[in-house]
Amino acid sequence: MIEAVNPPDWEKPKGYSNGMLVDGERLYTGGQIGWNKDQVFEHLDFVGQLEQTLANIAAIVRAAGGEVTDIVRLTWFITDKKEYMARQKEVGAAYRKIMGRHFPTMSVIVVAGLIEDAAMVEIEATAEIGKSQKEA
């Protein structure tokens with residue numbers, strides 16, 4: 001069984017789903033960027049967009065019935081390696097604010113640009129819903 005997952009208070013996506021839940025357990029998110037639930041960028045800086053992007057992923061995971069500790073993989077696409085490297089302390093603080101001390105497998109890929117011109121980061125996630133509670 002495959003079910004689309006979109007947080008209920010978000011602007012309805014056009015032509016895609018924010019997440020796809022397979023068999024009630026495996027969640028794949030679409031690439032999330034640093035805009036809010038109304039698809040408006042509140043931050044034009046890398047760290048602000050990163051925090052919003054991670055918050056968006058957390059909202060999708062929760063809409064599927066999970067928690068951030070269910071996330072098993074993150075793939076980051078960033079447009080500015082130098083800014084990412086120069087702001088590691090702030091990146092870490094923004095990450096921990098949303099994800100706590102949960103560190104799934106991750107890849108960071110530098111890209112020339114993203115579809116939304118204002119976006120500086122896009123992140124995809126994979127989660128195994130309910131697995132972290134079963135293991136605890």
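These legends accompany several close-up views of a predicted protein model.

Local features are given at pLDDT of at least 70, side-chain atom pairs count only at pLDDT 80 or more, and totals for chains, interfaces and linings use all residues. Residues are numbered from 1 along each chain as its sequence is written, and side-chain values use heavy atoms, with hydrogens and water left out.

**View 1. The whole fold, to get your bearings.**
The protein has four helices and seven strands, where helices (H or I, at least four residues) and strands (E, at least two) are DSSP runs numbered from the N terminus. Read from the N terminus, the order is β-β-β-β-α-β-α-α-β-β-α. The radius of gyration is 14 Å, close to the 14 Å that the globule rule gives for 136 residues, so the protein is as compact as a globular protein of that length. For that comparison, the radius is taken over C-alpha atoms, and the rule is 2.2 Å times the number of residues to the power 0.38. The C-alpha trace spans about 40 × 35 × 20 Å along its principal axes.

**View 2. Surface and interior.**
Buried residues make up 43% of the 136. Here buried means under 20% relative accessible area, exposed means over 50%, and partly exposed lies in between (1.4 Å probe, protein chains only). Among contacts (heavy atoms within 4.5 Å) between residues at least 6 apart in sequence, 70% join residues at least 24 apart.

**View 3. The largest pocket.**
This pocket has a volume of about 260 Å³. Its lining holds 18 residues, with Tyr 16, Gly 31, Gln 32, Ile 33 and Trp 35 nearest the centre. By class, six lining residues are nonpolar, eight polar and four charged. Ala, Val, Leu, Ile, Met, Phe, Trp, Tyr, Cys and Pro count as nonpolar, Asp, Glu, Lys and Arg as charged, and the others, Gly among them, as polar. On a 1 Å grid over the protein atoms alone, a pocket is an open set of points with protein on both sides within 12 Å along at least five of seven lines, and lining residues have an atom within 4 Å of a point. Points are joined across faces, edges and corners, and the volume is the space filled by probe spheres set on them.

**View 4. Two loop residues with positive phi.**
Asp 23 is not a glycine, yet its phi is about 55 degrees. Look for Asp 23 in the loop between strand S2 (19–22) and strand S3 (26–29); its relative accessible area is 49%, partly exposed. Gln 39 also has a positive phi, near 65 degrees, and sits between strand S4 (32–33) and helix H1 (46–63). Gln 39 is partly exposed at 26%.

**View 5. Glu 116 and its partners.**
Glu 116 belongs to the loop between strand S6 (105–110) and S7. Leaving aside residues up to four places away in sequence, Glu 116 touches Ile 33, Trp 35 and Phe 41.

**View 6. Thr 126 in strand S7.**
Thr 126 lies in strand S7 (residues 121–128) and is buried, with a relative accessible area of 15%.

Methods. On a 1 Å grid over the protein atoms alone, a cavity is a set of points where a 1.4 Å probe fits but cannot get out, and a pocket is an open set with protein on both sides within 12 Å along at least five of seven lines; lining residues have an atom within 4 Å of a point.
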